[in-house]
Amino acid sequence: MKDVGTGARLRQTVLVTAFGAFPGARTNPTLAILARLERSRGRLARLGIDLHGLALPVVYDALAPALRTAAAASRPDAVLHLGLAGRRRWLSVETRAVNRAGPLHPDAAGRRPAQVLAPGGKPVLRATWPSARLRAALARAGHDARLSIDAGDYVCNATLYRSLAAGLAPRVGFLHVPRPGGRLTLDAMTEAALALILEMTRAALPRRESSR
């Protein structure tokens with residue numbers, strides 16, 4: 001990891017989430033990426049970044065309680081969600097979430113969701129991380145990364161929507177990763193996630209100490 005100098009002057013907390021298996025994916029590479037990130041806790045701590053990891057089940061009804069509990073415990077300044085987009089061959093920096101779910105695909109508990117995630121909620125919520133700058137940072141580091149306006153209609157999109165609607169942190173975003181292969185190995189995708197964490201914390205807003 002490169003030294004970021006004075007870029008991360010204030011100590012910050014970053015919550016990183018990953019997913020377990022779901023129908024169509026017996027293994028989920030995001031869990032392996034999260035495990036590798038957690039092994040970098042010491043290096044991140046020396047840069048003023050406290051990393052908290054959370055493995056989420058691919059279950060609609062479990063999302064909101066798990067996210068609330070993790071956010072209450074860690075009080076994150078930034079949230080990075082990691083999810084699998086098995087049909088893509090590049091890293092996708094998601095820019096928004098939509099208030100809908102696809103009824104055709106059951107979650108890992110075998111349940112099909114309501115088509116509207118939050119009745120009365122906004123139809124679209126924008127990710128609160130600096131999407132274009134983050135994609136550019138990944139490109140400079142040699143990663144094939146693209147901006148995406150489609151986080152899908154499954155649990156990944158629901159996770160981003162729930163997090164944004166709840167205001168879990170000042171900066172919330174979602175990175176979709178492909179299945180490992182070619183240049184996008186697990187190690188390469190871990191380095192990409194680390195690059196995002198560093199860039200997200202460079203853009204730190206002053207912490208509101210009185211509320212923490």
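Predicted model: local features only at pLDDT ≥ 70, side-chain atom pairs only at ≥ 80, totals over all residues.

User: Where is Asn-157 placed?

Analyst: Asn-157 is in helix H5.

User: And what does Asn-157 touch, leaving out residues up to four places away in sequence?

Analyst: Its contacts are Ala-97, Val-98, Arg-100, Leu-117, Ala-151 and Gly-152.

User: Let's stay with H5. At what angle do H3 and H5 pack?

Analyst: About 35 degrees, and the axes are 10 Å apart. The crossing of H3 and H5 is right-handed.

User: Which residues meet there?

Analyst: H3 brings Tyr-60, Leu-63 and Leu-67. H5 brings Val-155, Ala-158, Thr-159, Arg-162 and Ser-163. By class, this contact of H3 with H5 has five nonpolar residues, two polar and one charged.

User: Switching to aromatics. How many aromatic pairs does the structure hold?

Analyst: Three. One of them joins Tyr-60 and Tyr-154. The pair is edge-to-face, with 6.1 Å from centre to centre and 90 degrees between the planes.

User: Why does the pair tie together parts that lie apart in sequence?

Analyst: Tyr-60 lies in helix H3 (residues 60-74), while Tyr-154 lies in the loop between strand S7 (145-148) and helix H5 (155-166), so the pair links parts 94 residues apart in sequence.

User: Which residues form the aromatic cluster?

Analyst: Phe-22, Tyr-60 and Tyr-154 form one cluster.

User: OK, another helix contact. How do H1 and H6 cross?

Analyst: Helix H1 (residues 29-38) and helix H6 (residues 186-202) cross at roughly 60 degrees, and their axes come within 9 Å. That angle makes H1 oblique to H6. The crossing is right-handed.

User: Which residues make the contact?

Analyst: On H1, Pro-29, Ala-32, Ile-33, Arg-36 and Leu-37. On H6, Leu-186, Asp-187, Met-189, Thr-190, Ala-193, Leu-194 and Ile-197.

User: And how do the residues of that contact divide by class?

Analyst: Nine are nonpolar, one is polar and two are charged.

User: Now the loops. Where is Asn-99 found?

Analyst: In the loop between strand S5 (96-98) and strand S6 (124-126). Asn-99 is buried, with a relative accessible area of 11%.

User: What does Asn-99 touch, again not counting residues up to four places away in sequence?

Analyst: Gln-115, Val-116, Leu-117, Ala-118, Gly-121, Lys-122, Pro-123 and Tyr-161.

User: How far apart are Asn-99 and Gly-120 in space?

Analyst: 9.4 Å, C-alpha to C-alpha. In sequence, Asn-99 and Gly-120 are 21 residues apart.

User: Last one. What is phi of Arg-75?

Analyst: Phi is near 50 degrees. That is a positive value in a residue other than glycine.

User: Where does Arg-75 lie?

Analyst: In the loop between H3 and strand S3 (78-84). Arg-75 is partly exposed, with a relative accessible area of 43%.

Note on methods: Residues numbered from 1 in each chain as written. Heavy atoms only, no water. Axes fitted to C-alpha atoms, helices over the stretch in contact; angles between N-to-C directions. Helix = DSSP H or I, 4+ residues; strand = E, 2+ residues; numbered from the N terminus. Parallel < 35°, antiparallel > 145°, perpendicular 65-115°, else oblique. Left-handed = near helix turned anticlockwise from the far one by under 90°. Contact = heavy atoms within 4.5 Å. Nonpolar A, V, L, I, M, F, W, Y, C, P; charged D, E, K, R; others polar. Phe/Tyr/Trp six-rings, centres within 6.5 Å; stacked < 30°, edge-to-face > 60°. Buried < 20%, exposed > 50% of the residue type's maximum accessible area, 1.4 Å probe, protein only.
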